[in-house]
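Student: I have a structure to look at, and I would like to learn how to read it. Could you guide me through a few features?

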Amino acid sequence: MNRKYDDLLPSPDPVSHRLRLISANWKMNLNHLEAIALVQKLYHLLRPEDFRYAEISIHPPFTSLRSLQLSFEADRMPFTLGAQNVSDQASGAFTGEVSAQMLAKLGVGYVIVGHSERRRLFGETSEEVARKAIAVQGTGMHPIVCIGESNDERRAGQTLEVLTHQLDPILSTYPAKDLDGVVIAYEPIWAIGTGESAEPEVVEETGMAIRHLLTERVGAETASRIRLQYGGSVNPGNAHEFMSLGDIDGLLVGGASLDADTFAMLVKSC
Ligand code: PEP
């Protein structure tokens with residue numbers, strides 16, 4: 001058993017005092033055997049300081065959650081288990097759905113809700129996303145709430161309006177005392193899976209605008225504790241620049257998280 005990282009806990013950013021979070025969204029890729037092989041290789045490639053720099057959450061398909069839970073425990077890998085979706089219902093006749101309680105029982109720490117693929121391909125509304133986030137919060141896990149505008153919306157100058165609309169149901173219905181446990185992932189749709197990430201200036205400006213919106217809605221103290229991730233074609237060459245932006249506390253990584261060497265390089269570059 002490898003105990004090299006026994007003492008590892010991420011430290012907060014010295015300026016923002018927020019804990020950084022780098023999340024691997026595997027989407028519908030890798031079976032459970034491939035999943036185990038990837039995390040074992042990744043663990044081997046990362047250094048203790050990488051785990052001290054940021055919490056690293058791995059979001060495999062549901063079918064790999066139990067295998068990764070056991071691998072993390074057996075080899076004491078300091079990754080946090082994550083999921084990509086959840087039902088807004090607690091239990092019952094909802095064929096094909098998985099509840100927040102089931103995920104919490106597996107040791108899941110973070111659940112992505114409202115990814116643009118779920119909004120676009122499965123018709124999820126912002127109200128449904130808010131219900132899912134509340135279901136996640138109700139079991140002690142943290143939701144990673146994805147928001148982002150399309151290319152047309154950005155060109156039309158509607159970015160802030162769209163983001164406000166997407167966040168509104170969460171900000172008005174989520175238990176106020178727990179809002180600081182929400183992670184918001186700003187993922188412009190045009191940057192996801194395209195190889196064309198947003199310019200750091202755009203992410204900086206939008207991150208500030210989101211923080212400003214949060215301050216107006218939930219007060220400066222809570223707003224200053226909510227973590228913001230950037231997602232959209234993050235790779236080992238641009239990750240550092242996004243992480244150095246004042247309002248950005250983490251990254252949500254799709255394609256570049258599917259290869260252990262690439263993802264390890266990305267984390268190390270931060
Ligand atoms: C994502 O799936 O959330 C994502 C940002 O994907 P990619 O990194 O491949 O653009």
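Student: How many residues does the largest nonpolar core have, and which of them have the most contacts inside it?

Tutor: Start with the general idea: in soluble globular proteins, nonpolar side chains tend to be buried together. This is a predicted model, and its largest nonpolar core has 72 residues. Ile 58, Phe 79, Leu 251 and Phe 263 have the most contacts inside that core.

Student: Is Ser 23 buried or exposed?

Tutor: A residue counts as buried when its relative accessible area is under 20%. Ser 23 has a value of 0%, so Ser 23 is buried. Ser 23 sits in strand β1, which covers residues 21–25. Its side chain makes a polar contact of 2.9 Å with the side chain of Gln 229.

Student: Now the ligand: how many residues surround it, and which are the closest?

Tutor: The ligand is surrounded by 14 residues, with Lys 27, Glu 187, Gly 193, Ser 233 and Gly 254 the closest. By class, four of the shell residues are nonpolar, eight are polar and two are charged. Look at the ligand's oxygen atoms too: a polar side-chain atom of Lys 27 lies 2.7 Å from one, and a backbone N or O atom of Gly 193 lies 2.6 Å from one. Taken alone, the ligand exposes 290 Å², and the protein buries 95% of that.

Conventions
Residues numbered from 1 in each chain as written. Predicted model: local features only at pLDDT ≥ 70, side-chain atom pairs only at ≥ 80, totals over all residues. Heavy atoms only, no water. Near = heavy atom within 4 Å. Polar contact = N/O pair within 3.5 Å; in protein donor to acceptor, adjacent residues only side chain to side chain. Areas by Shrake-Rupley, 256 points an atom, 1.4 Å probe, with all protein chains shown as cover. Nonpolar A, V, L, I, M, F, W, Y, C, P; charged D, E, K, R; others polar. Core = buried A, V, L, I, M, F, W, Y, C linked by side-chain atoms within 4.5 Å. Buried < 20%, exposed > 50% of the residue type's maximum accessible area, 1.4 Å probe, protein only. Helix = DSSP H or I, 4+ residues; strand = E, 2+ residues; numbered from the N terminus.
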